[in-house]
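What follows is a walk through one protein structure, to be read with the sequence and the model side by side.

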Amino acid sequence: MRRISKLTRVAVGVASLALAATACGGTSSESGNGGDGESKGTKGLAIAYDIGGKGDQSFNDAAYAGLQKAEKEFGYKTADIEPTEGETDADKQQRLESLAKQGYNPVVGVGFAYGPAMEAASKKYPKTTFGIVDSVVEGDNVASLVFAEEQASYLAGVAAAKATKSNTVGFVGGVDIPLIHKFEAGYKQGVQDTSGGKVKVISQYLTQTAEEGGFSSPDKGKAAAEGQIEKGADVLYAAAGLSGQGVIEAAAKAKVWAIGVDSDQYKQEALASYKGSILTSALKDVGGAVYTLAKSVEDGKPLTGVQTFDLKVNGVGLAESNPEFAKIAGLSDAVAKAKEEIIAGDIKVKTE
């Protein structure tokens, strides 16, 4: 039977990790400890990116922030590897196995798409600890790093309901899959509970599969956002990876609010020209989860099984970096109250 545990404390704060995320694209890379270029002679954390790669200002960059912290703290060699266009499960498996063979430990696949590859690779390298973000994979040497995205999205819905003037808000999902349904379900519930059903939510998914570019096409996100704005939406929440940048751009152009995702996108350098329109972001501490796994291996007590990151352990949350957040009447208090009630179990957030 799979061991299921809940972390009592997330080792790294969401905000600090998001701030540390490097906003640059790139190719496969290896790096030393970030200081003098020397290491302990061991190889540590390696991450294999999801679609969109490093520089998405969101999901993948958050994972990279966790790698940076581990690299600095433990003084070992790390690696971060980009995905390739149109790759197969076999390609992903080969990537994971190559990292394990080179001696990296732990090896983390960023995204649910690594599921089949992770299951196979972890069996071939039983002495290596593997981690997968956003999916559950069985294995004695696998840690499944999962999040209560619906809880952060509920808080985003509360914010949207308080900020809207048109009583119409939007949701843009990257790909029509159960993981993104969690974002939509929590958001809709937060909007409806806060507004008493007076605020309408327009939802749209960009693609049916990731291969069609739902998580990696800012142009698709921008077009979807423009369509929702034409229908009266004045707050837009995107759970769409790199495609979310297009949503933010469209919102800024139309002078309506955008809500970011995964990282605090108000602080992202690449989005600086749009930051005034980013009301808040639904945070998901992917970096904290990646770092926590690396630390467990470094401490000789590797985590395995399902590790759940929720509001109770600050594994998800809502950013308040934009000064305008505090200026909207009742918004901060409503979010704080909703957070308390979710943690206490008084609000049960839907996942579908």
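Proline 106 sits in the loop that runs between helix H3 (89-101) and strand E5 (107-110). The model is a predicted one, and in it the peptide bond joining asparagine 105 to proline 106 is cis, with omega at about 5°. Most peptide bonds are trans, and most residues other than glycine have a negative phi.

Two further loops hold residues with a positive phi. Aspartate 134 lies in the loop between strand E6 (130-133) and strand E7 (142-147). The phi of aspartate 134 is near 75°, a positive value in a residue other than glycine. Aspartate 134 counts as buried because its relative accessibility is 11%, and buried means under 20%. Asparagine 314 is found in the loop between strand E13 (305-309) and strand E14 (316-318), and its phi, near 60°, is also positive. With a relative accessible area of 37%, asparagine 314 is partly exposed.

The largest nonpolar core has 67 residues, of which Leu45, Ile47, Phe171, Ile180, Tyr187 and Tyr237 touch the most other members. Helix H5 (residues 149-163) gives the most to this core, namely eight residues. Apart from this core lies another, of 18 residues, with Val172, Ala233, Ala238 and Val256 among them. Leaving aside residues up to four places away in sequence, isoleucine 47 has contacts that include Ala63, Tyr64, Leu67 and Ala79. Val108, Val110 and Val290 are also among the residues that isoleucine 47 touches.

The last element to follow is helix H11. How far apart are the end C-alpha atoms of helix H11 (residues 331-344)? They are 20 Å apart, which agrees with the 20 Å that its 14 residues should span at 1.5 Å a residue.

Which residues of H11 are buried? They are Leu331, Ala334, Val335, Ala338 and Ile342. These residues cover an arc of only 95° around the axis, so they lie on the same side of H11. An α-helix has 3.6 residues a turn, so residues three or four places apart point the same way. On the other side of H11, Asp333, Glu340 and Ala344 are exposed. The cover over the buried residues of H11 includes H5, strand E12 (278-284), E14 and helix H10 (323-327). Glycine 345 follows H11, and its phi is positive, near 90°.

Technical notes:
Residues numbered from 1 in each chain as written. Predicted model: local features only at pLDDT ≥ 70, side-chain atom pairs only at ≥ 80, totals over all residues. Heavy atoms only, no water. Helix = DSSP H or I, 4+ residues; strand = E, 2+ residues; numbered from the N terminus. Buried < 20%, exposed > 50% of the residue type's maximum accessible area, 1.4 Å probe, protein only. Core = buried A, V, L, I, M, F, W, Y, C linked by side-chain atoms within 4.5 Å. Contact = heavy atoms within 4.5 Å. Expected span 1.5 Å × (residues − 1). Arc of directions from axis to C-beta.
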